[in-house]
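Good morning. Please look at the structure on the screen while I go through a few parts of it.

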Amino acid sequence: MTLGEAKQKGISILESSSPSASLDVNCFLCHILQCDKTYLLLHHRDEMDASKEADFFNCLEKRKTGLPVAYITGEKEFYGYTFQVNPSVLIPKPDTEILVEEAVNRIHEASSSYGKNKVLNICDMCTGSGCIGISVYLALLETGYPKEFFPNFTFADLSPEALAVAKANAQRLIPKPISNLRFVRSNLFDNVPQRFDFILTNPPYIPASMVNELLTDGRNEPRLALDGDVNPETGSVTGQNDGLGIIRKELPQIMKSLDPMGMFIMETGEYNAEETSVLAQSHGFKNVMILKDLEGQLRVVEGCKNR
């Protein structure tokens, strides 16, 4: 079977079960052949190796069950980097990249105002795959942040499986030697007593009723990483079913965990960003702002402790 024939066969297999059959097929072929889409176009008459053909049809069968492409290939591109993912972590989304961009800019600003001799402490809370904190780390390296005063990073998550994924991504993507990273299992800040200059966080923020719909549609991502109203210790839904249950707990903890001039940057949903902003102000945060994502939706809330 040629690559072109495999592609057409794959599309015909998935078109009744996936809204993005052609894209899915291209992703599978590129992953299996370790190539880009241009290669597929230029080599569409090439014969597929039998083992790779078997791998391809195995991917199609998994996709037919509703399993996301990223969980099948085990990887997802985010902010120009390829992250390992599995069903223990949320799949990185392009909308979250605005949080990374804002964090990099704010950290550079803080470095300039504090002076180059201060080592900033940064926390990626609810880290999941580690895509936010690792992308910020790599972007700071690429934008010339002084290595001798490079920030310390703490990656925290309630899930040990998620922390294992974040640690694996850090070891694979961050240039060695690495001495300024730590990984902490914690229910929000329960086991993170340190103070931080920046807290970056993408907590679960989807209302429980919406999570049920997403999971029914075959999204297959972990409820713990989606449901903003779930009690992570019991798994039961609590609160007002507005996706803000965890955020209501997290904001006062962020206030206590920030240094006097510290800042938080949080992703939240377009349907509850304004309420998150109001909650942040009620807890005493200053200069609270809402940023829009690439599609113009309200996405990121940020605020400062005292400035």
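Helices (H or I, at least four residues) and strands (E, at least two) are DSSP runs, numbered from the N terminus. Just after helix 4, glycine 66 has a positive phi of about 100°. Before going on: this is a predicted model, where local features need pLDDT of at least 70, side-chain atom pairs count only at pLDDT 80 or more, and totals for chains, interfaces and linings use all residues. Residues are numbered from 1 along each chain as its sequence is written, and side-chain values use heavy atoms, with hydrogens and water left out.

Now helix 4 itself. Helix 4 covers residues 50–64, 15 residues, and spans 21 Å from its first C-alpha to its last. That is close to the expected 21 Å, where the expected span is 1.5 Å times one less than the number of residues. Which residues of helix 4 are buried? They are Phe56, Cys59, Leu60 and Arg63; buried means under 20% relative accessible area, exposed over 50%, and partly exposed in between, with a 1.4 Å probe and protein chains only. These four cover an arc of only 100° around the axis, which puts them on the same side of helix 4; the arc is that of the directions from the helix axis to the C-beta atoms. An α-helix has 3.6 residues a turn, so residues three or four places apart point the same way. The cover over the buried residues of helix 4 includes helix 1 (3–14), helix 2 (21–33) and helix 5 (69–73).

Next, the largest nonpolar core. A nonpolar core is a set of buried Ala, Val, Leu, Ile, Met, Phe, Trp, Tyr and Cys residues joined through side-chain atoms within 4.5 Å. The largest has 34 residues, and Ile107, Val136, Leu140, Phe153, Phe198 and Leu200 touch the most other members. Helix 7 gives the most to this core, with 8 residues.

Strand 6 runs parallel to strand 3 (residues 121–125), with 4 bridges joining them; two strands pair if DSSP finds at least two bridges between them. Which residue of strand 6 is the bridge partner of isoleucine 122? It is phenylalanine 198. Strand 6 also pairs with strand 7 in the parallel sense, over 5 bridges, and there isoleucine 199 stands opposite phenylalanine 264.

Last, serine 159, in the loop between strand 4 (152–157) and helix 8 (160–173). Serine 159 counts as buried because its relative accessibility is 10%.

Key:
Contact = heavy atoms within 4.5 Å.
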